[in-house]
Amino acid sequence: MVRLVKIMATTLVLACIAAYVHAQDQVPVKILSDQMDYVQENNTVIFRGNVHVDREDFQIWSDKLTVFMESSGEQGQMSMGPDGSQDIEKLLAEGSVRIERDKQVGTSEKATYWTKRGVVVMEGNPVLKDGESSISGEVITYHLEDNRGVVEGGERQRVQAIFMAPPTP
């Protein structure tokens with residue numbers, strides 16, 4: 001089961017979201033939505049309504065995507081990276097979140113990617129599928145640097161792993 005978590009979480013969720021944040025200038029990234037708002041008071045960019053992130057190697061759909069920019073400590077001032085780009089603290093996808101890459105699909109009601117810590121947290125009925133194999137729980141957390149995934153169960157939902165195994169001879 002640990003192997004299934006590592007394979008699915010690594011190749012689907014983290015590769016998709018991490019690639020979006022860290023390599024968005026390497027391949028074209030198109031974000032479509034019904035509306036976009038910039039809120040200076042809390043340094044956020046909010047995409048609402050039929051959000052679709054499209055890259056050549058993956059796609060993300062959600063009802064809402066919020067990009068949280070890091071603050072420099074001065075009121076209303078965003079932190080700037082060495083190349084002049086604005087530093088991203090985290091990405092938050094909410095509402096009917098779906099991430100697809102090749103034959104792999106992840107779904108949840110909420111997915112948060114913490115850029116500095118390299119951690120993705122999927123909540124709200126998270127399910128990761130790879131073909132006919134799947135894993136689910138209450139919370140799925142993946143740590144990029146450690147290549148480590150954790151699926152937590154709880155009162156509402158226990159951890160469930162379904163994977164295809166060869167028949168016994």
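What percentage of the 169 residues of the chain count as buried?

1. Burial. Of the 169 residues, 41% count as buried, where buried means under 20% relative accessible area, exposed means over 50%, and partly exposed lies in between (1.4 Å probe, protein chains only).

2. Basis of the model. The model is predicted, with local features requiring pLDDT of at least 70, side-chain atom pairs counting only at pLDDT 80 or more, and totals for chains, interfaces and linings using all residues. Residues are numbered from 1 along each chain as its sequence is written, and side-chain values use heavy atoms, with hydrogens and water left out.

3. Secondary structure. The chain holds 1 helix and 12 strands, taken as DSSP runs numbered from the N terminus (helices: H or I, at least four residues; strands: E, at least two). Read from the N terminus, the order is α-β-β-β-β-β-β-β-β-β-β-β-β.

4. Contacts and surface. Among contacts (heavy atoms within 4.5 Å) with a separation of 6 or more, 43% join residues 24 or more positions apart. The accessible surface of the chain is about 9800 Å², and carbon and sulfur atoms contribute 48% of this surface; areas follow the Shrake-Rupley method with a 1.4 Å probe, and for residues only the protein chains shown count as cover.

5. Asn43. In the loop between strand S2 (35-39) and strand S3 (44-54) lies Asn43. Asn43 is not a glycine, yet has a positive phi of about 50 degrees. Asn43 counts as buried because its relative accessibility is 4%.

6. Asn125. A positive phi, about 55 degrees, is also found at Asn125, again not a glycine. Asn125 sits in the loop between strand S7 (119-123) and strand S8 (127-130). With 55% relative accessibility, Asn125 counts as exposed.
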